[in-house]
Amino acid sequence: MESRSRQRRERIDIIAAWSQSGILQERRRLLIEEQFTERVARANSRLFVPLPLTYSDDRWYNTQVSFLLEAFDALPQRPDIAFDSVWKVLEKTAGAWWPPRPERRVNITDALGRLSADPRLSGSVTDALLSDVPSQTCGYLFKRLIAREPAEGSRRARTRLSNGYGAGDILPAEIKAFLDLVEKKYEAPDTDTARRGAALLRRALTGEILDIEGTRTGLSLPARLRILLCGLLYTARNERYHGESFSPFYSSTASIKTYTHPHYLFLTSYALVHLLWAHSGRPYAPSLEAVEENTIINLREARTLYGRHWTA
């Protein structure tokens with residue numbers, strides 16, 4: 001409680017100081033910001049390595065490049081803001097993926113849902129992303145999808161996963177059966193439930209076949225991809241956009257581990273953007289091999305930076 005009160009006072013004091021000097025003067029960093037800065041300085045990691053881009057006069061493409069630059073400018077200190085910027089590119093790219101229909105504009109919910117069932121995305125890039133999800137991110141998913149916290153955000157996330165996107169979409173039934181099993185396993189929570197539940201979700205997202213309460217079960221790659229797109233990325237984006245989640249690094253509970261979650265959201269959104277571009281057939285499209293190699297490099301750089309905090 002004392003730490004929380006001190007952090008609240010620090011936030012107010014920062015604004016009070018700026019009210020006298022103006023915000024051109026660099027503010028005093030919070031303890032966690034100092035710790036992260038020191039970690040970046042001493043780690044043998046490049047943090048993040050962008051793919052080189054092809055020159056094009058295409059206006060739509062250059063608009064998206066501008067938001068990528070905006071994202072990179074937020075690094076290394078603010079991976080959450082970098083995620084916000086790359087999300088704009090992912091949303092535009094996903095929306096452009098489908099041919100326009102005169103009777104109805106494809107919204108982002110439908111676009112992401114349909115993308116998750118597109119076999120072109122079920123490959124080495126998405127498999128690499130799903131095979132190395134940070135524990136902090138799995139904890140976030142456990143709260144939203146299993147513990148149902150907060151209630152309204154959880155309801156919306158589970159609704160997106162229960163919706164069908166196109167005829168013959170069997171993913172909602174597969175995901176619901178899995179979530180119901182996990183929820184039953186943890187229906188009597190204890191002090192260690194969240195940690196154990198997050199660890200189980202992490203294993204499930206890798207594609208591992210699990211024994212849950214005597215039932216052998218696993219998630220297909222399209223089901224895991226839908227959880228990634230509709231259950232994780234879109235939920236995190238909505239909570240940030242609508243101000244439903246605390247700005248992460250101003251919290252009294254922030255730690256180095258806190259950085260792993262928005263870093264993964266940013267890294268994953270970035271990889272998915274380039275994966276979609278690679279399949280677009282546009283002159284600026286990177287090769288699939290380049291996207292795969294870049295994704296693996298960036299996961300490795302993240303692991304090097306965060307060490308045990310990525311999986312602990």
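**View 1. Lining of the second largest cavity.** Gly153, Arg156, Arg160, Thr235, Asn238, Glu239 and Glu244 line the second largest cavity of this predicted model. A cavity is a set of points on a 1 Å grid over the protein atoms alone where a 1.4 Å probe fits but cannot get out; lining residues have an atom within 4 Å of a point. The second largest cavity holds about 40 Å³. Volume is the space filled by probe spheres set on the points, which are joined across faces, edges and corners. Helix H8 (151-162) and helix H11 (221-241) each supply at least two lining residues. Helices are DSSP runs (H or I, at least four residues), numbered from the N terminus. By class, this lining has no nonpolar, 3 polar and 4 charged residues. Asp, Glu, Lys and Arg count as charged; Ala, Val, Leu, Ile, Met, Phe, Trp, Tyr, Cys and Pro as nonpolar; the others, Gly among them, as polar.

The model is predicted: local features need pLDDT of at least 70, side-chain atom pairs count only at pLDDT 80 or more, and totals for chains, interfaces and linings use all residues. Residues are numbered from 1 along each chain as its sequence is written, and side-chain values use heavy atoms, with hydrogens and water left out.

**View 2. Lining of the largest cavity.** The largest cavity has a volume of about 40 Å³. Its lining divides into 9 nonpolar, no polar and no charged residues. Among them are Leu141, Phe178, Leu201 and Ile227. Helices H7 (135-146), H9 (171-185) and H10 (193-205) each supply at least two residues. H10 gives the most, with 3.

**View 3. The Phe48 and Phe72 rings.** The structure holds 16 aromatic pairs. Rings of Phe, Tyr and Trp (its six-membered ring) pair if their centres lie within 6.5 Å; planes under 30 degrees apart count as stacked, over 60 as edge-to-face and the rest as tilted. Phe48 and Phe72 form a tilted pair, 5.7 Å centre to centre, with 40° between the planes. This pair links distant parts of the chain, 24 residues apart: Phe48 sits in the loop between helices H2 (31-42) and H3 (59-73), Phe72 in H3. Phe48 counts as buried because its relative accessibility is 10%. Phe72 is partly exposed, at 24%. Buried means under 20% relative accessible area, exposed over 50%, partly exposed in between (1.4 Å probe, protein chains only).

**View 4. The Phe83 and Trp87 rings.** Phe83 and Trp87 pair edge-to-face, 6.3 Å centre to centre, with 65° between the planes. Both are buried.

Definitions and conventions
On a 1 Å grid over the protein atoms alone, a cavity is a set of points where a 1.4 Å probe fits but cannot get out, and a pocket is an open set with protein on both sides within 12 Å along at least five of seven lines; lining residues have an atom within 4 Å of a point.
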